Amino acid sequence: MVKIKKSFFDKLDDSSVKYAFGLSYIVGAFVIFFGSNFPGKYTSTVILIVLMMAYLIGVIFLNKKMNTFVRDEQMGDSFYYLGFLYTLTALAVSLFGIEDDINELLKNFGIAITTTLVGLIGRIILSQFRESLDEMKEKSERQISDSARKLNTQLVQSIDILRNQS
């Protein structure tokens, strides 16, 4: 039986990352919706931050160990968007329940700001401290040029040695 080696293009299937994102958002939305029933003042906020970190670690795992390819910029953006979606969800839940309790409203606004802040920090760390594509292209072109010059020098020297021997 012949095994066919998987190519680089097999890594373009990012459906597992999409499922992880969707699942993380749905679980987080339930945490936000039922957060008022949790004991403790910051329990739902901590759960959401842990959920965001679990999503990020899961995407890194899928990127490194499974057959997926996710650029750091994509990882940073999706991490930020997850936090921002939590923000919008918390604000929507707060605004729909505004007549009930002002403390619940303020708690959900705290959740909203915190998850956006964590998402934005993660996005900046994951995508802003990388070389730009132009810098990477220049560096690659310089390395190729240096290698071509070295190869040319070696070829000229080899030709000279062969002429001297004949």
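## Terms and model

A residue is called buried when its relative accessible area is under 20%, exposed when that area is over 50%, and partly exposed in between, using a 1.4 Å probe and protein chains only. The model described here is predicted: local features need pLDDT of at least 70, side-chain atom pairs count only at pLDDT 80 or more, and totals for chains, interfaces and linings use all residues. Residues are numbered from 1 along each chain as its sequence is written, and side-chain values use heavy atoms, with hydrogens and water left out.

Helices are DSSP runs of H or I with at least four residues, numbered from the N terminus. Their axes are lines fitted to C-alpha atoms over the stretch in contact, and angles run from 0 to 180 degrees between N-to-C directions.

## Helix 1 and helix 2

The axes of helix 1 and helix 2 are 10 Å apart, and the two helices pack at an angle of about 175 degrees. Helix 1 is therefore roughly antiparallel to helix 2 (the term applies to angles over 145 degrees).

Contact means heavy atoms within 4.5 Å. On the helix 1 side the contact residues include Ser16, Val17, Ala20 and Phe21, and on the helix 2 side they include Ser44, Ile47, Leu48 and Tyr55. By class, this contact has 12 nonpolar, 4 polar and no charged residues. Ala, Val, Leu, Ile, Met, Phe, Trp, Tyr, Cys and Pro count as nonpolar, Asp, Glu, Lys and Arg as charged, and the others, Gly among them, as polar.

## Helix 1 and helix 3

Helix 1 (residues 15–34) and helix 3 (residues 72–96) have axes that come within 10 Å and cross at roughly 30 degrees. These helices are therefore roughly parallel to each other (angles under 35 degrees).

Among the residues that make the contact are Phe21, Tyr25 and Phe33 of helix 1 and Tyr81, Leu85 and Val93 of helix 3. The contact of helix 1 with helix 3 has 11 nonpolar, 4 polar and no charged residues.

## Aromatic pairs

Rings of Phe, Tyr and Trp (its six-membered ring) pair if their centres lie within 6.5 Å; planes under 30 degrees apart count as stacked, over 60 as edge-to-face and the rest as tilted. The count by this rule is 6 aromatic pairs. Phe21 and Tyr55 have ring centres 5.7 Å apart and planes at 75 degrees, so their pair is edge-to-face. Phe21 lies in helix 1 and Tyr55 in helix 2 (residues 43–65), so the pair ties together parts 34 residues apart in sequence. Phe21 is partly exposed, at 21% relative accessible area, whereas Tyr55 is buried, at 3%.

Phe33 and Phe34 also form an edge-to-face pair, with 5.0 Å centre to centre and 85 degrees between the planes. Phe33 is exposed, at 53% relative accessibility, and Phe34 is partly exposed, at 38%. Together with Phe30, Phe33 and Phe34 form one aromatic cluster.

How values were computed
Parallel < 35°, antiparallel > 145°, perpendicular 65-115°, else oblique.
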